[in-house]
Amino acid sequence: MPPKLRDLPSNVRHHLGWWVRDRFPNRKVVREVQGVKMVLPWPHRLPDYAGDGPYGQNLVRLAAALSEPASPVTVLDVGANVGDSALQILHATDAQILCVEADPYFLEYLHLNVDEDPRVAVVEALLTPDPKTEATTAVRTGGTTRFAEGEVGDALPTITPEALREKYPSFANLRLIKSDTDGYDVELVPAIAEAWGGARPVLFFEYDHRLSRLAGNDPLAVWPRLAELGYRDVAVWGNGGDALGRTTVADIGSRTAPLEEKVGIRAQTYWDVAVIHQDDLAGLAAVEQLVPAAQRL
């Protein structure tokens with residue numbers, strides 16, 4: 001039997017379960033995800049995606065690899081959602097984490113999950129490089145949010161990367177930036193990297209051609225912008241968390257064909273990428289543990 005047909009009953013069960021859970025968006029549940037307990041809205045897809053596999057663990061392992069014995073690793077978590085990344089990082093290593101989230105729906109869960117941990121600070125704002133940005137409507141799908149123009153004003157105030165850095169001086173030596181903002185990452189990540197230019201943080205973000213274009217952004221434009229800031233090496237994982245290989249900011253644009261939509265076929269693939277500054281030898285060594293340079297994309 002072809003694999004797609006063999007997987008059909010399981011896929012039907014998953015989608016039926018999601019349909020039922022989506023009818024109860026405000027039901028709170030406690031779930032253990034990859035060994036970490038957290039409060040989630042019942043419809044959230046994270047437990048389904050994570051299972052016992054590597055989903056999301058690339059970020060956790062990267063944070064642990066960047067840790068130093070004398071001090072906690074400092075992390076900026078943009079699009080913190082329910083705080084799942086923060087919880088899993090803190091489960092794996094000592095860290096100080098600045099969580100930024102703009103969706104009031106997920107903020108409730110974020111606070112439930114992290115407020116008792118003094119190592120986590122929460123910023124209730126939409127991080128944007130343009131101070132004139134006015135996000136209005138939160139578009140939610142299965143546990144994630146993007147912001148779009150609309151008639152419903154349920155997004156929070158905005159803050160720029162420069163203002164965020166000034167407001168939280170304890171994160172001046174930021175070590176790791178994680179961004180998952182459903183298509184805005186390609187605009188936002190270079191702006192954050194520039195604001196924290198002196199620290200040369202490792203950049204970890206979701207790279208999705210379809211969502212980037214849906215948000216009105218050119219996904220390929222991010223690479224020359226990062227090159228101008230001195231970033232060079234790139235590690236790439238598939239959307240399930242499996243390491244795909246290494247490349248550079250100069251070459252990755254020519255290797256993104258798997259992310260492109262084909263005529264009549266919606267792209268289902270995105271990448272997680274970690275980008276390292278050319279002068280960050282410790283960051284390069286950390287990434288080498290996870291995705292060796294010999295494994296070419």
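A residue counts as buried under 20% relative accessible area, as exposed over 50%, and as partly exposed in between. The exercises below concern a predicted model.

**Exercise 1.** Determine whether Arg-200 and Asp-182 are buried, partly exposed or exposed.

*Solution.* Step 1: Arg-200 is located in the loop between H8 and E11. Its relative accessibility is 33%, so Arg-200 is partly exposed.
Step 2: Asp-182 lies in the loop between strand E10 (176-179) and helix H8 (185-195). Its relative accessible area is 7%, and therefore Asp-182 is buried.
Step 3: Consider the backbone. Most residues other than glycine have a negative phi. Asp-182, which is not a glycine, has a positive phi of about 50°, and the phi of Arg-200 is positive too, near 50°.

**Exercise 2.** Describe how helix H4 (residues 57-66) and helix H11 (residues 281-290) cross.

*Solution.* Step 1: The two axes come within 9 Å and cross at roughly 135°. H4 is therefore oblique to H11.
Step 2: The crossing of H4 past H11 is right-handed.
Step 3: Residues of H4, including Arg-61 and Leu-62, meet residues of H11, including Ala-286 and Val-287. The contact consists of six nonpolar, three polar and one charged residue.

**Exercise 3.** State which residues of H11 are buried and on which side they lie.

*Solution.* Step 1: Gly-283, Ala-286 and Val-287 are buried in H11. These residues lie on the same side of H11 because they cover an arc of only 95° around the axis.
Step 2: Leu-281 and Gln-289 are exposed on the other side of H11.
Step 3: The partners of the buried residues of H11 include H4, strand E11 (202-207) and strand E12 (231-238).

Key. Residues are numbered from 1 along each chain as its sequence is written. This is a predicted model: local features need pLDDT of at least 70, side-chain atom pairs count only at pLDDT 80 or more; totals for chains, interfaces and linings use all residues. Side-chain values use heavy atoms; hydrogens and water are left out. Axes are lines fitted to C-alpha atoms, for helices over the stretch in contact, and angles run from 0 to 180 degrees between N-to-C directions. Helices (H or I, at least four residues) and strands (E, at least two) are DSSP runs, numbered from the N terminus. Angles under 35 degrees count as roughly parallel, over 145 as roughly antiparallel, 65 to 115 as roughly perpendicular and the rest as oblique. A crossing is left-handed if the near helix is turned anticlockwise from the far one by less than a right angle, and right-handed if clockwise. Contact means heavy atoms within 4.5 Å. Ala, Val, Leu, Ile, Met, Phe, Trp, Tyr, Cys and Pro count as nonpolar, Asp, Glu, Lys and Arg as charged, and the others, Gly among them, as polar. Buried means under 20% relative accessible area, exposed over 50%, partly exposed in between (1.4 Å probe, protein chains only). The arc is that of the directions from the helix axis to the C-beta atoms.
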